Amino acid sequence: MESIAYFPAQDLEGLFTADCVDFMADMPDECIDLAVTSPPYDNLRDYKGYSFEFERIADGLFRVIKEGGVLVWVVGDKINGGRSLTSFRQGIYFQEIGFNMHDIMIYQKKNTPFMRSNAYTNAYEFMFVLSKGKPKAFNPLKEKTVRNGFEMVVFNKGTDGVNRKNLKELKTEKTKTNIWKYAVGLGGTTSDRIAFKHPATFPEKLALDHILSWSNEGDLVFDPMCGSGTTCKMAFLSKRKYLGIDISQEYINIAKTRLFEAQQDLWGGQI
Ligand SMILES: C[S@@+](CC[C@H](N)C(=O)[O-])C[C@H]1O[C@@H](n2cnc3c(N)ncnc32)[C@H](O)[C@@H]1O
């Protein structure tokens, strides 16, 4: 483990191997603009036996996130006969400690291997968007509308019951819904082959879409359980500062390689 001293806010950047509970204890209050993270799901995967203390992590996050800052918590339940509902319990705990459940979004997987013999194939996870007070940043992502061009549009229905219509130009784009769909696997989740040495990387586009939505350039984006470094890579590429922690040295090495390669691609090796 790297030794951690108390961090002045301006030095909070980079990738560190540590238990995030200990690391956050050395961070100042209210220094994070946005956290995008995904916890170990019900110990579904073996993270080398590391402990996961949800309540302490949630408490730490509430303290280090700024007023108006946002936490995006990407989580799925263990399905073993039925659903564990761990995600719901975590959502309620977040609310109890003061977070506002600003939205419950869906991460839909375009291609999913999780078949069930007696229920429909699971194709989604939750993305809890938790804010500390009212979110200070919201840059809504847009998508193309299906109908565009000019159309006769109803503008007034008078007492005679007749619909009056005007020729109007339809909008070419609209704000996206809160169900986001991503391809998973090589080329979908990421094209970085090294990322697949981690068992549970989430899609780069998912991290990027949240970063663009809930933060602005120059903001500090945090992932306390950063795994292969997806959130940090996308924060870097979108001109935010990043701070990533993982308890595993092996995963931090993967994250450092991905960040190094992203920096080389962007700066042509001048780092
Ligand atoms: C679901 S994975 C995150 C994957 C990541 N979003 C990515 O795209 O690669 C959860 C991570 O939490 C880490 N972890 C578990 N307990 C931790 C703790 N107490 N402190 C820091 N990291 C922890 C695990 O090592 C694992 O890499």
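You'll find 24 residues around the ligand, and the closest are Cys-20, Met-225, Gly-227, Ser-228 and Thr-230. This is a predicted model, where local features need pLDDT of at least 70 and side-chain atom pairs count only at pLDDT 80 or more, while totals for chains, interfaces and linings use all residues. Residues are numbered from 1 along each chain as its sequence is written.

Now colour helix 1 (20–25) and strand 14 (241–246): each gives the ligand shell at least two residues. Helices (H or I, at least four residues) and strands (E, at least two) are DSSP runs, numbered from the N terminus.

Next, pick helix 5 (residues 230–237). Is it enclosed or open? Seven of its eight residues are buried, so helix 5 is largely enclosed by the rest of the structure. (Buried means 20 or more other C-beta atoms within 10 Å of a residue's own; exposed means 12 or fewer, and partly exposed is in between; C-beta atoms are placed from the backbone.) Among the buried ones are Thr-230, Cys-232 and Phe-236. The cover over them includes strand 1 (14–17), helix 4 (204–214) and helix 6 (249–267). Just past helix 5, click Lys-239, which has a positive phi of about 65°.

Last stop: zoom out. Domain 1 (9–141 + 177–267) and domain 2 (144–175) divide the protein, with bounds from an automatic or database domain assignment. Their centres, taken over C-alpha atoms, are 41 Å apart.

Note on methods: Near = placed C-beta within 6 Å. Contact = placed C-beta atoms within 7 Å.
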